[in-house]
Amino acid sequence: AALRESISAVPRQHLVQVEVYAGIDAVRRHIGLEIGALTPLGGKRSSGVLLTSQVDDLDWMARELAGVPFEFAIRQPVELCQALNALADRIHRMAG
């Protein structure tokens, strides 16, 4: 587990922060330690967690997020929103 966590902490091109609106245990079942760190959110949406990661490939992160069965909101970077929208457009075209 320590190796997977240390892999997610290696500095990369993009710092990613995503709020995931589910409990930490449920999110951990879908987002591995190698993807990033999970921190419980405080405030109104206390059942959520903050995913913090560093990645070089935002298209890869968009694909990872697309497989998460919970609602989420991207805090940063805005380019991840664009990558996720491009993925959604591609899936929509393939679905006909």
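The legends below describe close-up views of a predicted model.

Local features rest on pLDDT of at least 70 and side-chain atom pairs on pLDDT 80 or more, while totals for chains, interfaces and linings use all residues. Residues are numbered from 1 along each chain as its sequence is written, and side-chain values use heavy atoms, without hydrogens or water.

**View A. The buried side of helix H3 (residues 58-66).** Leu-58, Met-61, Ala-62 and Leu-65 are buried (under 20% relative accessible area, 1.4 Å probe, protein chains only). They lie on the same side of H3, because they cover an arc of only 105° around the axis (taken from the directions from the helix axis to the C-beta atoms). Helices (H or I, at least four residues) and strands (E, at least two) are DSSP runs, numbered from the N terminus. The buried residues of H3 pack against strands S1 (14-20), S3 (49-55) and S4 (72-76), and against helix H4 (78-95).

**View B. The N-terminal cap of H3.** Asp-57 provides the cap. One of its side-chain oxygens lies 3.0 Å from the backbone nitrogen of Asp-59.

**View C. Glu-19 in strand S1.** Glu-19 counts as buried because its relative accessibility is 17%. Its side chain makes a polar contact of 2.5 Å with that of Tyr-21 (N or O atoms within 3.5 Å; within protein, one able to donate a hydrogen and the other to accept it; residues adjacent in sequence count only if both atoms are side-chain atoms). Another polar contact, of 2.8 Å, joins the side chains of Glu-19 and Arg-75. Beyond neighbours within four places in sequence, Glu-19 is in contact (heavy atoms within 4.5 Å) with residues including Leu-41, Val-49 and Phe-72.

**View D. The cis peptide bond between Gln-76 and Pro-77.** Omega is about -5°. Pro-77 sits in the loop between S4 and H4. Most peptide bonds are trans.

Notes
Buried < 20%, exposed > 50% of the residue type's maximum accessible area, 1.4 Å probe, protein only.
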